[in-house]
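Trainee: Could we go through this one together? I'd like to ask things as they come up.

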Amino acid sequence: MRKTVVIGASLNEERYSNQCVRLLREHDIETIAVGNKEGKISDVEINVGRPYERKVETVAVYLSPKNQEPYYDYIIGLKPERILFPPGTENPEFYRKANALGIETEEACPLVMLRTGVY
């Protein structure tokens, strides 16, 4: 089964990270939400820590580049196949680190990808 970790998950339904979690679940994709406030999005609990996960296909990053740095080791440790950077989260420094370890990086919006069937 496909698994996605959403970093920067928000309880605010207007935030794209929240919409991403909901849309992933609508597509029956196993979803792990990581944020800074406990709560629930759809049927997904938001983790305020850094839960260990295995067999992660995708990490979707919904943090500004300056807020991504504390998550570098965590995200790389998940050993995802790819990391998606929606508009506003682009981070060439992190791309280089991930790519050097064989992790694919894409500047792409998971919402658009899911809605157009290219996720």
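Trainee: Which strand does V59 lie in?

Mentor: V59 lies in strand β5, residues 58-61, where strands (E, at least two residues) and helices (H or I, at least four) are DSSP runs numbered from the N terminus. This is a predicted model, in which local features need pLDDT of at least 70 and side-chain atom pairs count only at pLDDT 80 or more, while totals for chains, interfaces and linings use all residues. Residues are numbered from 1 along each chain as its sequence is written, and side-chain values use heavy atoms, with hydrogens and water left out.

Trainee: Is V59 buried or exposed?

Mentor: V59 has a relative accessible area of 0%, so it is buried; buried means under 20% relative accessible area, exposed over 50%, and partly exposed in between, with a 1.4 Å probe and protein chains only.

Trainee: And what is V59 in contact with?

Mentor: Leaving aside neighbours within four places in sequence, V59 is in contact (heavy atoms within 4.5 Å) with V5, I7, I75, L78, P80, R82, I83 and L84. The C-alpha atoms of V59 and E81 are separated by 8.4 Å, and these two residues are 22 apart along the chain.

Trainee: What kind of unit do β1, α1 and β2 make?

Mentor: Together with helix α1, residues 16-26, they make a right-handed β-α-β unit; right-handed means that, with the strands pointing away from the viewer, the path from the first strand over the helix to the second runs clockwise.

Trainee: Why is β2 largely enclosed?

Mentor: Because 4 of the 5 residues of β2, residues 30-34, are buried, the strand is largely enclosed by the rest of the structure. β2 also pairs in the parallel sense with β4, residues 44-47, over 2 bridges, and A33 stands opposite I46 in β4.

Trainee: Changing topic, what about phi at D28?

Mentor: D28 is not a glycine, yet has a positive phi of about 55 degrees. Most residues other than glycine have a negative phi. D28 sits in the loop between α1 and β2 and, at 57% relative accessibility, counts as exposed.

Trainee: And where is K55?

Mentor: K55 is in the loop between β4 and β5, with a positive phi near 55 degrees, and counts as exposed at 70% relative accessibility.

Terms used
Pairing = 2+ DSSP bridges.
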